[in-house]
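Subject: Structure handover

Hi,

Here is the structure I promised you. Please open it first, then read my notes alongside it.

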Amino acid sequence: MAVVDYNAPQSVQEAVALLSGSDIKTKVMAGGTDLIIQSKSQAVEPLRVVDLKHIAEMMSYSLDDGGLSLGPCMCCAEFTALHDVEMLYPGLVEAAYLIGSTQVQGRASIGGNLCNSSPAADTIPALIAIGAKCLIVGAGGERTVAVEDFVTGVGRNCMQPGELLQRILVARPAPGSRDAYLRFIPRTEMDIAVAGAGVSVTLDSQGVCTAARIAIGAVAQTALLVASAADALVGTKLDEASVAKAAAVASAAASPITDRRGTIEFRRHIVGVLVKRATLIAKERAQASL
Amino acid sequence: MARVTFSSTQQQFTVDAECEVDAGNYRELIAAITSRYPALDRAELLQMAVAIDGEIIHEPLLELVDSDSEIHFFHFIAGG
Amino acid sequence: MAKLHITTSINGEATEFLCEPHETLLDVLRNDLQMTGTKEGCGSGDCGACSVTVDGRLTCACLVLGVEAAGREIGTIEGIGSSDKLSVIQEKFLEHAALQCGICTPGLVVSTQALLEQNPNPTEAEARYFLAGNLCRCTGYDKIIRAVLDAAATMRGAA
Amino acid sequence: MSEAREFKYIGQSTIRPDGFDKVTGRANYGADLSLPGMIWGKILRSPHAHAIIKRLDTSRAEAFPGVLAVATHSDFPSVTDQAIESGEGSLTLLDLARNVLAKDKVLYHGHAIVAIAAKTSAIAEQALALIDIEYEVLKPVMDVREAMAAGAPILHPDMFTQGLAEKPTTASNVATRLEYKMGDIEAGFKDADVVVEREFYTPTAHQGYIEPHACTVRFEKDGQSMIWCSTQGHFDVRASTAKLLAMDLGKLKVIASEIGGGFGGKTTVYLEPVALILSRKSGRPVKMIMDRDEVFKATGPGSATRSWVKIGARKDGTITAMQGRLAYEAGAFKGSPVMMGCMTAFTPYAVSNMYIEGFDVVVNKAKVAAYRAPGAPQAEFAVEMLVNELAVKLDRDPIDLRLQNAAQEGTQTIYGPKFKRVGLVECLEAARDSKHYQQALAANQGRGVAAGFWFNVGGQSSVHINMNPDGTGTIVEGSPDIGGSRASMQMMAAEAMGIEPGRLKPIIGDTENVAFSAGTGGSRTTFATGMAVIEAAEDVVAQMKQRAASMWNVTAEQVEWVDGVALNTAGEDRLSLAEICAGADRTGGQISGRGNINARGAGPSFAVHLCDVEVDKDTGKVDVVRYTAVQDAGKAIHPKYVEGQYQGGAVQGIGWALNEEYIYSADGLLENAGFLDYRIPVASDLPMIDAIIVEVPNNFHPYGVRGVGESGIIPPLAAVGYAVENAIGVPVTDLPLSPPRVFNLIQGKG
């Protein structure tokens, strides 16, 4: 793909119109950190780009009693500096902070990470763990899809040609409910996740877990919501045994591949370790929020 | 007499590990050992580095050799 | 392919250039504007040698299309320090011998400036994580981190 | 030299003379030169690891609009199989030509086949897709074991093993077998009470310089051809390119750009001859820049190795025997650094009985290039791991055991000469006495100690110093400055002349304005080029004294030179260097000093490193928590840049030990040709690296210098490796110690 046509619409309507009505392959660009590299690696096929960063609502956020409404193209560097968001969704902020380097975070966005739909994307398990939803807009109108249903395969998602991601929506967590995200990489920075785990837990005033969500990344074709792992936590005080059980269930749910970043056995093991550790971090945060 | 020690690879051609030769300079030394050990390739010898009295010399052609010098042959060492 | 006419600002100076849609900001800076202080080490955002700022935000010029510069404020190494006076960061890099071959240095200077604007008093760990996207193969980072922390202290003292 | 010598400038940390350009982005590197009318060259590379090129048709690409030239192997004049010198010793011209552009057969993933020059690099890349090639894909050979096995696919049907007692009759992937021996190895083991032995593996690792290979060239029929490129040795680029293209040396000027890292990997040519062919055919200047994936696929890695080592010692700690067998991958063409592996492996130890054999083995990977102390890190890794094990078996402190057996002045080396004064003992003592070594380890931590030996080389360096009428001067040297060596040259010349370093500007001359100089490599520049600089500076001083003498009508012997001023010992007269320069036109013309030497007496530099790691036993992840690099500099000219060499070498070695490796598919395709998955250390991976400079002067250098560039990468492999072994309590044999490998070791699945 070689970029032959660049468009910078000012409104969502204009963007939607641009997405249909061209014979040339058309792609939406947010931060461009994946798209530009992909376009360099296969230089031949022509590509038309629709840059969403000139649309104000794509770049903004709001946080109120209803929760977080995030413009998908806001860059991670801006997002991770939002202290009000970090108070409520520390795990999602952690995930956004882990995407690439400071430089990459200056461009890359959560929406881009989501729409690129890599199995190893850091923000996807974090979004699933907090029950985030995607507001999708197209010529036919709007629809809302849970993040766990958004991604359908390696590099694939449920959006139809002509559709784009308009908003990422997350309910406001109640006191006693908090999230955490951890990933494993060989170095301390600059790697793609070997495995990742997003966890959110809700504790009552007695410290009993009343609800939980566990999502794992880089261990299957898509990030997985592992309800059975979360079930192992509900009703417990997140003691060692129940956390270990959740980790074991999550490991068993993983169906990783062997590649240059890890083996099946190693990934399966690591994801369990991450679930355990992320659960304990989420627990501590949830306690502190009560 | 200067004492010459051959590298292990050279010993496959000389059988001897060492020999003593009468030479005033490196050129004479090469002439002496190639006449004693015809299997040793003169051209290859001239391309080798040598240590004369412990000092590594990459281009030894004009070197003087003392009567009590110790001479070791080895391959050219480069670096990174 | 028609070239696009782009109007932008580079280091505070109004600049115009022509570029093809596929060219990156790095291509434009280096090949069209002859601003070769911004270096290319990988072309994929993995090394940080092409660190620049776009509207004040640190990024890799290889991850930005040239056309995206339109209407933006671009900051490059050429905008830091003058021939009369180096910036404190540049001086500290020299004083601490924080460079050997120097190919990563322009990117590190740009990134360090971004770091210290955002966080004037970074810990060693904060500096190391912020700069993790700027690869250096020569120094082992020790002297770079010392230069960054010393520059921060000097700038705090001077402010 | 006298050890008590007082220096005025040497030993201070001055600001490097090229520093301003480097921190402002003004310094021009390999990719930074553009010429009017310039076009862009790109290379088509093999998608296979091992294949015969059955058909090659470039006609569609040639016809593509904007394409101005196409080059293939057939554009080389017929090259003969003669040896030429490069950083790695000898590579034959034919192999070099076949590496630069493949002939008939591709031997590794990324092997260059066709080059195209076009108006833009985008057009060149589009045209590459129009080249029609038919391959007969062959089974690749990816490891020395496979390559040496009976019935292995043969890379070169005309290659027969050299160094065997009997001349072989069948072709082999083993290019050379060699051996070194001393004493009686069997008797040595008979004398031993304790014997340790193990097999080790080190992976293919890349130098990882941040600047990709790049050049801009212009071919001129009148014999004024020019190459601007990033190289460690522009005279070597000239020699190789001129030979490949059958040109006279005098008709090819090579200008060394600033160089963005090399570590040995920029001691040979890849692009330059190809670009010159494209320029010749197109009549236009040509620029070529490798993409990062091309750098990883087709340039320089260091050899992957398999080694077996066995060491015997008496109960009292005396090592009685050291034996080894090393097999090094050369890549697609013969010429691994296995010889230097054999020569360095046991050399830190004074042991009577040694035997080592080495095998230089071709495999379907990129031809290896020199990599910082080529061959030594892999061999010494194996030995140092076992010396640590021996210390445990003998219940001895590992530094103490090394001190007992350390090589020192008079020790006979396995490769020939006896050591002159060397500083291993001093380095071991400094490590033992360091705060680091006294510090206790915490839970899940381990400590490793390792020593490293590298020869260091001398060789040819040429320098002249041109004085200006105002007393400033230019030092013109021929050694590309890869890590701040111009600062050292400036200081050494200033010391010899007795003037402020800032009065002298060091520059790297091109191949036409300075005489031949060997490349920057082998830790030779500060030593050898430094000697040439001192000789040139002393030549300037001698001329200054002569001029002053002629003005005073005395003899030069009656003139003393003190701090840059000529003093008449027969009277009160004094003339400063600036005054003599100002009057040079009236005393015989301008003053220029010369130092063209073939330096000998390079002093080995020993290094000793300490490493503490912490292992996350749930994940296998290793963090280096404390690191100390001790090394003998002889004399540190610019201490901060000397420390920088130690720290940089240590971190490069840490990367090699922990996460760096080439990862290949089953078909022999490189899967991690980028900085994303070829994981060199990043800033957040590391602690500060403590550097301790030991100074045991090298008496062959006027100021006592030993080269320091290379030894620092040798100890980290075992210092890190043994620290991990110490932390997890399981023997370590294979690098890198990436999380999955360490986790498997902990789980007993190593």
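**Domains of chain C**

Twelve residues from domain 1 of chain C take part in the contact, and so do twelve residues from domain 2 of chain C. Keep in mind throughout that this is a predicted model.

**Chain A: domains**

Next comes chain A. The domain assignment gives domain 1 (2-51), domain 2 (67-170) and domain 3 (177-289) in chain A. Look at domain 2 and domain 3 of chain A. Their centres, again over C-alpha atoms, are separated by 19 Å. The contact draws 28 residues from domain 2 of chain A and 23 residues from domain 3 of chain A.

**Chain A: the whole chain**

How many helices and strands does chain A have? The count is twelve helices and 14 strands. The radius of gyration of chain A is 19 Å. The globule rule gives 19 Å for 290 residues, so chain A is as compact as a globular protein of that length. Its C-alpha trace spans about 55 × 45 × 35 Å along the principal axes.

Now for burial and contacts. Of the 290 residues of chain A, 59% count as buried. Take the contacts in chain A between residues at least 6 apart in sequence: 61% of these join residues at least 24 apart. The accessible surface of chain A is about 10,600 Å². Carbon and sulfur atoms account for 54% of that surface.

Chain A carries 25 positive and 28 negative charges.

Find Met87(A) in your viewer. Where does Met87(A) lie? Met87(A) is part of helix H4 of chain A, which covers residues 83-88. Is Met87(A) buried or exposed? Its relative accessibility is 61%, and exposed means over 50%, so Met87(A) counts as exposed. Now find Ser289(A). Met87(A) and Ser289(A) are 202 residues apart along the chain. Their C-alpha atoms are separated by 9.2 Å.

**Chain B**

Chain B has three helices and five strands. In what order do the elements of chain B run from the N terminus on? The order is β-α-β-α-α-β-β-β. The radius of gyration of chain B is 12 Å, close to the 12 Å that the globule rule gives for 80 residues, so chain B too is as compact as a globular protein of its length. The C-alpha atoms of chain B fill a box of roughly 35 × 25 × 20 Å along the principal axes.

Of the 80 residues of chain B, 52% count as buried. Consider the contacts in chain B with a separation of 6 or more. Residues 24 or more positions apart account for 44% of them. Chain B exposes about 3,700 Å², and 49% of this comes from carbon and sulfur atoms.

Finally, the charges. Chain B has 4 positive and 14 negative charges. Their mean positions are 6 Å apart.

Best wishes

Conventions
Residues numbered from 1 in each chain as written. Chains lettered and ligands numbered in written order. Predicted model: local features only at pLDDT ≥ 70, side-chain atom pairs only at ≥ 80, totals over all residues. Heavy atoms only, no water. Helix = DSSP H or I, 4+ residues; strand = E, 2+ residues; numbered from the N terminus. Rg over C-alpha atoms; globule rule 2.2 N^0.38 Å. Buried < 20%, exposed > 50% of the residue type's maximum accessible area, 1.4 Å probe, protein only. Contact = heavy atoms within 4.5 Å. Areas by Shrake-Rupley, 256 points an atom, 1.4 Å probe, with all protein chains shown as cover. Lys, Arg positive; Asp, Glu negative; His and termini not counted. Charge placed at Lys NZ, Arg CZ, Asp CG, Glu CD. Domains from an automatic or database assignment.
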